[in-house]
Amino acid sequence: MSLSRFLDLADLPRDEILDLLVLAERLQLHPEPAALAGKILGLVFLNPSLRTLASFQAGMARLGGNSFVITPGQGTWALETRLGVRMDGGAAEHIREGLPVLASYCDALGIRAFADGKDLAADLDEANFKAMAALVDKPLINLESAVNHPCQALADWKTLDDLAVAPRSRFVLSWVPHPRALPLAVPAAALHMAALRGHEVVVARPEGYALPSAIMDKARAAARISGGSVTETDDRAAAFAGAQVVYAKEWGSTSYYGDADADARLRADLGHWQVNERAFAPAASDCRLMHCLPVRRNVAVADEVLDGPRSVVLREAHNRLVVQMAVLHRLLA
Ligand code: CP
């Protein structure tokens, strides 16, 4: 099997995802330091990163290839992404020229472009990412878009496999506090991944933070394929009852999408949604704590959890490298 684009786990048949995980394991046990010799990966980061940036560069190098990184506006021209605008502001170059030029220098391109966070319908439709993807005639990797983060989802799936977490077990996606509204990409991707892996998935979130129906419906469709289930509740203690995995994640209010002030007023009273050791009382005794990182300590998750035996956040982050090497191998080898 070869891949031409890695944009959404939902684009792949479940068996192909399992094949990618087998390949990731193989590359971990039997490195192939020349598999991508002579190949070049371009990485465009319209938003900050630590893990995605470093793990893709490291993965490409470990497979014998090379990479370059563009962070528009930081040593390179700022890129305009809006269509039809008069470019008399700070951006010197438009993506309509910039992205095809960059694609012409490499064998595959990765793009990170977060949600605008203003228009929920446009973000759910991945309007910006689709416009960029249409400009790239090379294998393309989604490094996190408005409502998707397939590399994180694949790493999280591998983490669950590594830990032998049973697919039918209870997986809670739990909203946690953050000083400001964050995008829906990771919660949407984690929810879909857990549903497709076959978990009994419960989304625990306060009123005002329900995930959009398009995201819930996509996860429910995945659950139908795998035999899992997807429900939601604002009763966190009930959600945690018997949980084997708690995936903590911050996201912005969907009731007040794009309204930072209203979101801030709503979240001002939600500090008790922080995940601390007490919250795990109804969960399985060996319940794991997952988070994609970066995490705000003692805002989203308490030190006692992050530094304790439940936390698998470092394994998740390391698995980014492992699974992305498999993706690069499929795209380029
Ligand atoms: N989880 C994740 O994507 O991390 P970065 O934002 O640091 O890349």
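How many bridges join strand 8 to strand 9 (residues 200-204)? In this predicted model, 5 bridges join the two strands, which run parallel.

The model is predicted, so local features need a pLDDT of at least 70 and side-chain atom pairs count only at pLDDT 80 or more, while totals for chains, interfaces and linings use all residues. Residues are numbered from 1 along each chain as its sequence is written, and side-chain values use heavy atoms, with hydrogens and water left out.

Helices (H or I, at least four residues) and strands (E, at least two) are DSSP runs, numbered from the N terminus. Two strands pair if DSSP finds at least two bridges between them.

## The sheet with strand 8

Strand 8 (170-175) belongs to an open sheet of 5 strands in the order 10-9-8-11-12, with parallel pairing. At its edges stand strand 10 (229-233) and strand 12 (288-290), each of which pairs on one side only. With direction ignored, neighbouring strands of this sheet are turned by 20° against each other on average, where axes are lines fitted to C-alpha atoms, for helices over the stretch in contact, and angles run from 0 to 180 degrees between N-to-C directions.

In strand 9, the bridge partner of Ser174 is Ala204, and in strand 11 the bridge partner of Ser174 is Ala248. When neighbours within four places in sequence are left aside, the contacts of Ser174 (heavy atoms within 4.5 Å) include Arg236, Phe240, Trp273 and Val275.

Strand 11 (residues 245-249) has 5 of its 5 residues buried, so it is largely enclosed by the rest of the structure. Val245, Tyr247 and Lys249 point one way from strand 11, Val246 and Ala248 point the other way, and all are buried. Strand 11 is joined to strand 8 by 5 bridges in a parallel arrangement, and it also pairs in the parallel sense with strand 12 over 3 bridges, where Val246 stands opposite Leu289.

Which residues of helix 10 (residues 260-267) are buried? They are Ala262, Asp263 and Arg267. These residues cover an arc of only 130° around the axis, which puts them on the same side of helix 10; the arc is that of the directions from the helix axis to the C-beta atoms. The buried residues of helix 10 pack against strand 8, whereas the face turned away from the buried side carries the exposed residues Asp261 and Arg265.

| Strands | Bridges | Residue pair |
|---|---|---|
| Strand 2 and strand 6 | 5 bridges, parallel | Leu43 and Gly110 |

Strand 6 (residues 108-112) is mostly covered, with 5 of its 5 residues buried. Both of its faces are covered, for Ala108, Gly110 and Arg112 on one side and Leu109 and Ile111 on the other are all buried.

## Helix 1 and helix 6

How do two of the helices meet? The axes of helix 1 (residues 14-29) and helix 6 (residues 150-162) come within 11 Å and cross at roughly 70°. The two helices are therefore roughly perpendicular to each other, given that angles under 35 degrees count as roughly parallel, over 145 as roughly antiparallel, 65 to 115 as roughly perpendicular and the rest as oblique. Helix 1 contributes residues including Arg14, Ile17, Leu18 and Leu21 to the contact, and helix 6 contributes Leu154, Trp157, Lys158, Asp161 and Asp162.

Technical notes: Buried < 20%, exposed > 50% of the residue type's maximum accessible area, 1.4 Å probe, protein only.
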